[in-house]
Amino acid sequence: MSEPTAPPGAYGGDTGAAHPGEASARPEPLGVTVAPTGNAEVDAATSRLADADEMPTQSHIEVYEDVHRGLRDALAALDENRS
């Protein structure tokens with residue numbers, strides 16, 4: 001029985017670049033889609049994730065933090081409405 005193999009670059013090894021050790025010139029979109037939730041605040045926050053496709057990897061944290069802040073605010077608003 002053979003071991004399952006991970007896709008290239010999954011563990012920081014082969015990046016799929018033409019030459020080993022050479023990073024690709026542009027970021028490549030992951031193609032992840034986010035389904036609408038029906039909550040305008042949540043949908044606005046998660047739609048921001050698409051911005052990461054156009055940024056280098058080291059800039060993704062800015063997007064993720066912004067999305068996290070938006071989702072946290074949306075959850076807090078739900079809690080306030082229940083009181």
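Buried means under 20% relative accessible area, exposed means over 50%, and partly exposed lies in between, all with a 1.4 Å probe and protein chains only. Keep that in mind as you select L30, which counts as exposed because its relative accessibility is 72%.

**Before you start**

This is a predicted model, in which local features need pLDDT of at least 70, side-chain atom pairs count only at pLDDT 80 or more, and totals for chains, interfaces and linings use all residues. Residues are numbered from 1 along each chain as its sequence is written, and side-chain values use heavy atoms, with hydrogens and water left out.

**Stop one: the whole chain**

Show the cartoon. The protein chain has two helices and zero strands; these are DSSP runs numbered from the N terminus, with helices being H or I of at least four residues and strands being E of at least two. Colour by burial, and buried residues make up 12% of the 83 residues. The accessible surface comes to about 7,000 Å², and 55% of it belongs to carbon and sulfur atoms; areas here come from the Shrake-Rupley method with a 1.4 Å probe, and for residues only the protein chains shown count as cover.

Go back to L30, in the segment before helix 1 (40-47).

**Stop three: helix 1**

Start where the helix starts. A side-chain oxygen of N39 comes within 3.0 Å of the backbone nitrogen of E41. Next, pick V42, A45 and T46, the buried residues of helix 1. Look down the helix axis: these residues fall within an arc of 90 degrees, so they line one face of the helix. The arc is taken from the directions from the helix axis to the C-beta atoms. Helix 2 (60-82) is included in what covers them.

Now zoom in on T46, which is buried at a relative accessible area of 14%. Its side chain reaches the backbone oxygen of D43 at 3.4 Å, a polar contact (a pair of N or O atoms within 3.5 Å; within protein, one must be able to donate a hydrogen and the other to accept it, and residues adjacent in sequence count only if both atoms are side-chain atoms). Which residues touch T46, leaving aside its neighbours within four places in sequence? They are V34, V67 and L71, where contact means heavy atoms within 4.5 Å.

**Stop four: the charged network**

Four salt bridges turn up in the whole structure, each a side-chain nitrogen of Lys or Arg within 4 Å of a carboxyl oxygen of Asp or Glu. Select R48 and D51, whose side chains meet in one of them at 2.7 Å, N to O. D51 is partly exposed at 34%. R48 also meets E62, at 3.8 Å, N to O. This pair links distant parts of the chain, with E62 in helix 2 and R48 in the loop between helix 1 and helix 2, 14 residues apart.

R69 is partly exposed at 41%, and D66 is partly exposed at 28%. Finally, select R48, D51, E62, D66 and R69 together: salt bridges that share partners join them into one network.
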